[in-house]
Amino acid sequence: MSFSRRRFIASTSGAAAGIALPFHAFGQGAAIKLGSVLDNSGNLDAYGKPMVQATTMAAEEINAAGGLLGRKIQVVQYDTQSDIALYTKYAQQLARDDKVDVVHGGITSASREAIRQTFRRANILYFYNVLYEGGVCDRNCFVTGTTPAQAVEPIVEISQKQWGKKVYVLAADYNYGQITAKWVAHYVKQRGGSVLQTDFFPLDVADFGSTIAKIQSAKPDSVCAALVGGAHLSFFRQWAASGMNKKIPLYSTTFGVGNEHLALSPAEGDGILIAGNYSQEETTPSNKDFLARWGKRFGDTKIVHEIAVSQYQGIMLWAEAVRKAGSLDREKLMKVLESGIGVQGPAGLVKMDPATHHASLDIKVMEVKGQKLTIKQAFNQRPPSDTAASCNLAKNPNENKQFEVTI
Amino acid sequence: MDYAGVVFLEILYMIAFLALISAGLAVVFGMMRVINLAHGEFVMIGGYTTIFCNRAGIDIWFAMLVLAPLVVGILGLLVERIVIRHLYGRMIDTMLATWGLSLLMVGLVTLIFGNTAVSVQAPIQSYQVGAYQMGGYNLFIIAISTLLMLVLWLVLRYTRFGLIARGAMQNADVASSLGYNPQRIYMWTFTAGAALSGLAGGVMAPLTGLLPSSGSLYIAKAFITVITGGAAVISGTLASSIIFGAVNQVVSFGSTPVIGEIAMLALAIILLRLMPQGITGRFFRNST
């Protein structure tokens, strides 16, 4: 083992902190620290706020049931204010100062990539509980959100059967949108279809007039929107205002995740097709019970969305692993998490795939109707086959990269 | 052919949009030389007024055309009385003060309405241009912006108040010696500028939706339009709106909206290099 300056600083500063904080670090029965970095305000708060509430609720429920290993869970939550710079800052704070035992957090793919390596270096298990573009291959990182193979493929399949083969793609201009657009193209071509054009938009673009005209002149059979955030919501509004929502069908890989269907009026949102892990309309007892508990704790259940549920399920999965391992030791926990462990959540079974550290999930294809996500079709236990095609952590445990699809 | 029509309408819309969001700033900057960094927040509050009055059951047209300018006008009056009037002639101080004000307003709106996107449906149906569907609301924006420029020009050029206001801006001492109180004129000019910003916010609200931070969407575009336009309020704003609007949309159609914005900003830099006093510093010198 080479002894670098960085390693020296890391080990000595750790020792110094150990001396300074004897009770927190070693006290018997001290709380287990669950770190969380989420956008609780700003442009992305529609995603983040419910996730923060879900984190609180998960921790409270675990504590009410006696905690883990006889210890309580303490949530250390930082609001990253939709500012990517704050992610790096708070991730280091969680790793160095707070010395948390696990981290559940990050919303955009940009934020995940900003913090993932920090926790890997610090040997702190990191759970990313949000739908994303797939491909992350890192033994320290566990993903409980959907990937394109799970949620994009079925919706491309259905939209092509229903509407036709020519698609126009609009996507957010950062790694999520860029890579998701490639996956959309991949699945469209696999089924003999074609992507007429792909346009990318930075997160603050709010004027889609020229784009809507361009779509009309391209005459696609359907439009696929992988748009993200409050400003991009204008697209759906302007699309409806030009009357196009009655002419060309639209499907989206992100719509509903930020409760977009509540921000739009029924006339603007109706008919948009989406696919994902969760709908509030799910009639299973576990979902009804979850919503009832949420209502009791926070009042408004309308804001519960897929990634809030994913966050809740991610924490529950981690808690189950801690119980089974009987320890917080990273290696022991990873062994349990790589044993095919699963939990039943409000959105169905979440089963961790040992080779990819991604979860198999129940997927629903849904249609927006009267500000609700009505379930049209369900595909149970879809595996993360996109990531599995290139990532095998059982074989290459030291892998640390994100694979992309090649077309 | 239809496509050309669509492109033309989108260009008109972008010009109208730029003129609309810049008018309030142009009045305040062009006539009083006050750089109002809280301009974007005035626009944003106009939008919020419209959306929340509409939610309270008030007719949307009344909310955007009357209430939004009224509320923001009153806000502008308060701001002028409390802050701006102490800072005339001190440009840097005004910038700092209005910047602080903009942060304060973003914070207050976040506190009151929450940091979540709000929106209201556009109250006009779409229409057909050949094979294309267009948002009918864009036409309304073109109309309102044209009307606004016309009224502004008539007021400044042909009314007594316009004459006095222009006179006071040119030389406050002379206006004062003729019996007009410059303080009073500044006050009403700032209020009028704020009301125009509120109107712009109200009219734009159905198209974009709003966040407390939405002011930043407008401020940059409004600023480059006004600065490039130069000191003449109407001809300057119109000239730069036309140039920027056309360039932005033509490039957007040719490539992507992102490149369109970049082209517009690049052009602004070039224009300001060539004409540091703005377009009206070189051409149309004696216009309003």
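**View 1. The side of chain A that touches chain B.** In this predicted model, 34 residues of chain A are in contact with 29 residues of chain B. Two or more residues on this side of chain A come from each of α3 (45-64), β8 (194-201), α8 (209-218), α9 (233-241) and α11 (266-269) of chain A. The element that gives the most is α8(A), with seven residues. Sorted by class, the side of chain A that touches chain B holds 12 nonpolar, 14 polar and eight charged residues.

**View 2. Strand β1 of chain A and the strands that pair with it.** Strand β1(A), residues 32-38, is largely enclosed by the rest of the structure, because six of its seven residues are buried. With strand β2(A), residues 73-79, it pairs in the parallel sense over seven bridges, and within this pairing Val37(A) stands opposite Tyr78(A) of β2(A).

View 3. The C-alpha trace of chain B spans about 65 × 45 × 35 Å along its principal axes, and 52% of the 288 residues count as buried. Of the contacts in chain B with a separation of 6 or more, 77% are between residues 24 or more positions apart.

**View 4. Helix α9 of chain B and what covers it.** Helix α9(B) comprises 15 residues, 215-229, which should span 21 Å at 1.5 Å a residue, and its end C-alpha atoms are 21 Å apart, in agreement with this value. The helix is mostly covered, with 12 of its 15 residues buried; among them are Leu217(B), Tyr218(B), Ile219(B), Lys221(B), Ile224(B) and Thr228(B). The elements that cover the buried residues of α9(B) include α1 (2-32), α2 (39-55), α4 (91-113), α10 (233-254), α11 (257-274) and α12 (279-282) of chain B.

**View 5. The end of α9 and the loop between α9 and α10 of chain B.** After α9(B) comes Gly230(B), whose phi is positive, near 95 degrees. Ala231(B) lies in the loop between α9 and α10 of chain B, and this residue counts as buried because it has 20 C-beta neighbours inside 10 Å. When its neighbours within four places in sequence are left aside, Ala231(B) is in contact with Gly30(B), Gly236(B), Gly278(B), Thr280(B) and Gly281(B). For the pair Ala231(B) and Gly281(B), a sequence separation of 50 residues goes with a C-alpha to C-alpha distance of 6.9 Å.

Definitions and conventions. Residues numbered from 1 in each chain as written. Chains lettered and ligands numbered in written order. Predicted model: local features only at pLDDT ≥ 70, side-chain atom pairs only at ≥ 80, totals over all residues. Contact = placed C-beta atoms within 7 Å. Helix = DSSP H or I, 4+ residues; strand = E, 2+ residues; numbered from the N terminus. Nonpolar A, V, L, I, M, F, W, Y, C, P; charged D, E, K, R; others polar. Pairing = 2+ DSSP bridges. Expected span 1.5 Å × (residues − 1).
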